[in-house]
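Subject: Structure handover and notes

Dear colleague,

I am passing on the structure we spoke about, together with some notes on what I found when going through it. Please open it alongside this message.

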Amino acid sequence: MRVFSSPETGPHQTGDRPLLTNLSHRKGSYHPLPIGQTLAVGTTGIQVVSLKPPVAQFQIHNQVWLFLGDLNPSEQSRLVTAGSLLAGENGESPLRVLWWSGEQLAPYLVEALQPSVAIASSDAIDPQTERLLRQRNTQIYAIGREGAIQWNSRDGFRSTLDPRENENLFL
């Protein structure tokens, strides 16, 4: 996920110009999204929680997804203490899916999020974080190991790779 700033206003600001040019050639549209405001795109709601570090929440049908960019320990702590994370009834997190890099997450962040499913955008997951997630009975996927992840209402989440195929990838 890439976070883009608002369109440039001065002649020397070129940050998003290639994106905006490409979008206009393809008849696309650009929608700046202020922090905390939800944008509905079809049946999906998107809300930017933080720009630095990048954190976004997605409401996809009845599932809440949280995307975490690379967060150092102090940024993880700040998210938890600032109350910027999901808050559900009875103090339980309504989070269904955590999507992150696979880097280390602090135990207090995992506890605050309480994800049912965790998807790492890499082939490796920090061992301590993986252990914490497994202790919480979280389903864990690493896209680099398991290929794309699919979801449907009948089967839930599953990897697109056959485990037997995955074993032969490095032969």
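Predicted model: local features only at pLDDT ≥ 70, side-chain atom pairs only at ≥ 80, totals over all residues.

The protein has 171 residues, of which 33% are buried, and its secondary structure comes to six helices and nine strands. Of the contacts that join residues at least 6 apart in sequence, 29% are between residues at least 24 apart.

The helix I looked at in detail is α4, which runs over residues 127-135, and whose buried residues are Thr 129, Glu 130, Leu 132 and Leu 133. These four lie on the same side of α4, because they cover an arc of only 160° around the axis. Pro 127 and Gln 135, by contrast, are exposed on the other side of the helix.

At the N-terminal end the helix is capped by Asp 126, which places a side-chain oxygen 3.3 Å from the backbone nitrogen of Gln 128. After the helix comes Asn 137, with a positive phi near 60°. This residue belongs to the loop between α4 and β7, and its phi is positive even though Asn 137 is a residue other than glycine. Its relative accessible area is 67%, and because exposed means over 50%, Asn 137 counts as exposed.

A second residue that is not a glycine, Gln 114, also has a positive phi, of about 50°. With a relative accessible area of 22%, Gln 114 is partly exposed, since a residue has to be under 20% to be called buried.

Where is the cis peptide bond? A cis peptide bond joins Lys 52 and Pro 53, with omega at about 0°, and Pro 53 sits in the loop between β2 (44-50) and β3 (55-60).

I also noted Val 64, which lies in strand β4, residues 63-68. Val 64 counts as buried, because its relative accessibility is 8%. Its C-alpha atom is separated by 9.3 Å from that of Gly 45, a residue 19 positions away along the chain.

The structure holds one cavity of 30 Å³ or more, and the largest cavity has a volume of about 50 Å³. Its lining is made up of Leu 68, Gly 69, Asp 70 and Leu 71 from one part of the sequence, and of Trp 100, Ser 101, Glu 103, Gln 104 and Leu 105 from another. Sorted by class, this lining has four nonpolar, three polar and two charged residues.

With best wishes

Technical notes:
Residues numbered from 1 in each chain as written. Heavy atoms only, no water. Buried < 20%, exposed > 50% of the residue type's maximum accessible area, 1.4 Å probe, protein only. Helix = DSSP H or I, 4+ residues; strand = E, 2+ residues; numbered from the N terminus. Arc of directions from axis to C-beta. Polar contact = N/O pair within 3.5 Å; in protein donor to acceptor, adjacent residues only side chain to side chain. 1 Å grid on protein atoms, 1.4 Å probe; cavity = no way out; pocket = protein on both sides within 12 Å on 5 of 7 lines; lining within 4 Å. Points joined across faces, edges and corners; volume = space filled by probe spheres on them. Nonpolar A, V, L, I, M, F, W, Y, C, P; charged D, E, K, R; others polar. Contact = heavy atoms within 4.5 Å.
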